[in-house]
Amino acid sequence: MGKKKGGLTDSHAHLDFFGSDSKIEKVLARAVENDVTRIITIADSLESSYRAVELAQKHSEVYAAVGVHPHNASDVNPETLKELERLAKEPKVVAIGEIGLDYHKNHSPHLVQQKVFEQQLELAKKVKLPVIVHDRDADADVMGALIKHGTKKGVFHCFSGDLAFAEKVLAMNFYISIAGTVTFKNAGVLAGIAKFVPLTKLLVETDSPYLTPHPYRGRKNEPAYVRLVAEKIAELKEIDVSAVEASTQENIRLLFGIA
Ligand SMILES: [Zn+2]
């Protein structure tokens with residue numbers, strides 16, 4: 001991996017999926033060794049929201065997002081939303097996420113996904129936090145819901161749309177987060193998007209433990225590898241990786257208020 005300077009934030013990792021505290025501590029140590037100094041751990045259920053908050057309390061480099069993934073939308077009831085609201089007010093909770101729509105896997109019915117997405121957009125508004133959006137094959141409905149609820153601050157995580165959709169996302173003043181998929185050999189469209197999106201609107205993430213970047217495919221992904229994503233973006237934009245570090249750190253500050 002490349003030179004260490006400036007530091008990086010993994011804007012999207014699922015630390016709870018790494019298991020025990022001792023396993024997570026090793027993952028965090030390797031991140032810090034690679035100058036990945038901050039990790040936002042993302043929830044996908046109420047259960048993982050509790051764990052995210054706990055991990056943020058335990059580790060200085062960890063921040064948390066709380067929310068329910070569209071896959072788990074069917075599990076949400078009014079009590080869930082009350083608990084999420086309580087958790088959202090805990091220190092170091094910096095976003096509501098990940099929330100959105102997934103019409104690819106359809107683990108929950110579309111109507112249920114839409115209702116729960118909208119409820120969490122309202123929650124974000126109420127607690128004044130940005131949203132971390134999961135959008136899989138649901139561009140129009142995701143955009144429609146964001147507009148309907150007047151959601152102003154957020155990021156499309158693991159961006160997988162086309163260039164036309166990236167333009168719409170930027171027009172809404174949202175951020176676009178690039179994952180390790182940009183390092184894959186068949187990353188044509190995403191590589192084009194990484195080139196096109198201005199540094200002022202770009203974040204980097206691992207979505208670990210999934211989507212391990214090249215050349216570590218086959219291994220479990222982890223936050224340290226976000227450096228490979230930043231290096232690939234630098235290569236595509238023909239700039240120094242330090243510029244990607246500086247701009248993504250500034251974007252993290254502006255979006256999530258992490259100084
Ligand atoms: Zn995720």
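In what order do the 8 strands form the open sheet, and in which sense is the pairing? The order is β1-β2-β3-β4-β5-β6-β7-β8, and the pairing is parallel. This description rests on a predicted model.

**Sheet**

The edge strands of this sheet are β1 (8-13) and β8 (202-204), each of which pairs on one side only. From one strand to the next, the twist averages 30°. Strand β1 is joined to strand β2 (residues 36-42) in the parallel sense over 4 bridges.

**Elements by residue range**

| Element | Residues |
|---|---|
| β1 | 8-13 |
| β2 | 36-42 |
| β8 | 202-204 |

**Overall chain**

In total, the secondary structure of the protein chain comprises 9 helices and 8 strands. Its radius of gyration is 17 Å, close to the 18 Å that the globule rule gives for 259 residues, so the chain is as compact as a globular protein of that length. Taken along the principal axes, the box filled by the C-alpha atoms is roughly 50 × 45 × 35 Å.

Of the 259 residues in the protein chain, 49% are buried. Among contacts between residues at least 6 apart in sequence, 71% join residues at least 24 apart.

How values were computed:
Residues are numbered from 1 along each chain as its sequence is written. This is a predicted model: local features need pLDDT of at least 70, side-chain atom pairs count only at pLDDT 80 or more; totals for chains, interfaces and linings use all residues. Helices (H or I, at least four residues) and strands (E, at least two) are DSSP runs, numbered from the N terminus. The radius of gyration is taken over C-alpha atoms; the globule rule is 2.2 Å times the number of residues to the power 0.38. A residue is buried if 20 or more other C-beta atoms lie within 10 Å of its own, exposed if 12 or fewer, and partly exposed in between; C-beta atoms are placed from the backbone. Two residues are in contact if their C-beta atoms, placed from the backbone, lie within 7 Å. Two strands pair if DSSP finds at least two bridges between them. Axes are lines fitted to C-alpha atoms, for helices over the stretch in contact, and angles run from 0 to 180 degrees between N-to-C directions.
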